[in-house]
Amino acid sequence: MKSKLSILSLAIALPTCLFAQDSLQVMNNTQYPNTFSSGSADVQPFTNSSKRFNDWSISFGAGVPLVQSADLNSIKTSDRSGKDLFGYSAYVSIDKAITHAFGLKLQYDRGETRQGYFNTKDAAPANAAANMQVGARTQYDAISILGDINFSNLLRRVDNKSPFRWALHGYAGIGTLAYRAYLKDEMGQRLTREIKPFKFGSLFGQAGAGLKYKISNRLDLEGRVMYVVTTDDSFDGGGSQNSAINRINNKSSDNFINTTLGLTVNLGKHESHLMWHDPLQEAYYKINVLESKITDVVVCKNGDADNDGVCDDWDRQLDTPAGARVDGSGVALDVDLDGVIDLYDKCVTVPGSVENNGCPDQTQGQGAVAETETKLEGIEFDLNSDRILPSNTPILNNAVSYINSSDGSYTVVGATDTRGTEAYNKMLSERRANNVKNYLIQNGVQSGKLGAQGNGKTDLKYPECDPASKCPEWKNRANRRVYFKAK
């Protein structure tokens with residue numbers, strides 16, 4: 001029996017380890033959040049001020065204990081074995097909820113069982129001892145630790161919309177039992193057995209279930225049935241192990257059933273208790289709320305002035321002509337990069353001049369260049385940088401083919417936005433122009449066809465972006481550019 005109690009106590013301790021500990025330990029206790037150890041950026045210390053639910057409560061109740069697995073029982077199976085006998089019991093406990101599905105109870109029980117042929121308050125029949133028609137009672141006190149599993153929270157369906165007022169709980173635990181057992185026959189009533197608490201032989205176990213009803217956020221009503229294993233064959237008052245009464249059956253433990261009705265008072269400043277909370281149901285509820293708010297999301301808060309499908313919040317070309325195809329930033333597409341957008345370009349895939357609607361001039365490639373200035377748009381730079389971006393290389397490679405097909409020479413002109421001093425921007429624009437020039441030479445353009453010039457912040461694509469005005473970033477980026485000018 002002792003080994004069985006050890007196994008029972010181990011089974012009770014396992015849920016504590018499983019439910020109470022987080023699988024991802026926070027290694028740094030001095031700084032929050034610690035995303036590398038906790039797995040989440042939303043980490044904060046768990047303190048009393050951060051709790052959302054009450055987790056302490058006090059329970060008390062009373063009921064009827066019935067000895068039913070012993071030599072002397074409370075409920076009789078026939079009229080010849082006497083009348084049914086009922087005792088009384090009471091309990092009080094301090095409860096701690098560790099999670100929404102598991103908690104612990106420190107419980108004190110006190111009561112008296114009545115068993116045998118007659119009530120010890122009544123007179124004994126004649127020849128009671130000889131006929132085994134004795135009466136017995138046992139006064140007991142018990143202190144135990146119980147594990148509390150909330151099966152309703154473990155098994156509740158998240159789509160259950162019914163009011164959350166009923167909960168099924170399972171209890172199991174061990175403790176120490178003290179009792180005084182009395183036996184009465186025609187010779188009178190006498191003490192047959194006394195066990196002191198906190199002794200090795202006083203260990204006992206109990207397990208059972210309870211059904212709770214939520215009266216309010218502070219008060220719960222519970223009906224409970226517990227099966228108590230005393231681990232003692234003399235609990236029923238039968239006397240020593242070898243007495244005639246204790247030889248009625250071969251049971252090594254006198255056990256009893258304790259049915260009680262009680263109340264639980266939830267303590268704390270919060271509105272609800274943790275044992276009445278279902279986190280999965282809360283998560284699904286929040287998802288439903290978010291889904292209902294999808295229609296409230298405002299797209300293009302500042303509108304789309306040019307109706308190109310790109311919101312003005314991130315549109316880099318707010319005056320796109322109607323019908324023009326645009327890229328993700330709202331800039332009209334120019335596939336051949338000849339300065340004529342595809343909407344107006346009659347030779348979309350072949351570079352040409354603006355004067356010829358984007359098609360090559362008849363004299364192009366024979367040494368004469370009709371345009372006085374050729375601009376290849378889109379060669380832009382990051383702030384305070386002269387590094388050629390990967391997005392610029394297709395434009396520059398197209399420029400290599402264009403310049404090699406012409407007998408003319410060109411100046412690579414660099415420019416900046418209005419931020420910074422004039423001297424610094426002059427130097428920065430020269431570096432940008434020289435970097436582009438060197439790239440073209442390295443990719444096949446004759447060095448004699450190219451020159452480099454830095455205009456600083458005096459050469460703005462958007463002149464309205466003077467230092468005193470607040471320009472959108474897309475205009476500032478467009479001002480940080482390099483273009484080609486025919487000599």
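Hi everyone. Let me start with the lining of the largest cavity: by class, four of its residues are nonpolar, six are polar and six are charged. One caution before I go on: this is a predicted model.

So where does that lining come from? Sixteen is the count to keep in mind, because the cavity is lined by 16 residues under the rule that a lining residue has an atom within 4 Å of a cavity point. Ser-57, Asp-148, Lys-212, His-273 and Met-275 lie nearest the centre. As for secondary structure, strand S2 (88–97), strand S3 (102–116) and strand S9 (255–267) each give at least two residues to the lining. The volume of this largest cavity is about 110 Å³, and the model has six cavities of 30 Å³ or more.

Now to a residue I'd like you to look at on the screen, His-169. Is His-169 buried or exposed? His-169 has a relative accessible area of 2%, so with buried meaning under 20%, His-169 is buried. You'll find His-169 in strand S5, residues 166–185. The side chain of His-169 makes a polar contact of 2.8 Å with that of Asp-148. Setting aside neighbours within four places in sequence, the residues in contact with His-169 include Asp-148, Phe-151, Gly-208, Lys-212 and Met-275.

Stepping back to the whole chain, we have seven helices and 12 strands. Of the 487 residues, 43% count as buried. Among contacts with a separation of 6 or more, 64% are between residues 24 or more positions apart. Finally, the chain exposes about 26300 Å², with carbon and sulfur atoms supplying 56% of that area.

Key: Residues are numbered from 1 along each chain as its sequence is written. This is a predicted model: local features need pLDDT of at least 70, side-chain atom pairs count only at pLDDT 80 or more; totals for chains, interfaces and linings use all residues. Side-chain values use heavy atoms; hydrogens and water are left out. On a 1 Å grid over the protein atoms alone, a cavity is a set of points where a 1.4 Å probe fits but cannot get out, and a pocket is an open set with protein on both sides within 12 Å along at least five of seven lines; lining residues have an atom within 4 Å of a point. Grid points are joined across faces, edges and corners, and a volume is the space filled by probe spheres set on the points. Helices (H or I, at least four residues) and strands (E, at least two) are DSSP runs, numbered from the N terminus. Ala, Val, Leu, Ile, Met, Phe, Trp, Tyr, Cys and Pro count as nonpolar, Asp, Glu, Lys and Arg as charged, and the others, Gly among them, as polar. Buried means under 20% relative accessible area, exposed over 50%, partly exposed in between (1.4 Å probe, protein chains only). Contact means heavy atoms within 4.5 Å. Accessible areas come from the Shrake-Rupley method with a 1.4 Å probe; for residues, only the protein chains shown count as cover. A polar contact is a pair of N or O atoms within 3.5 Å; within protein, one must be able to donate a hydrogen and the other to accept it, and residues adjacent in sequence count only if both atoms are side-chain atoms.
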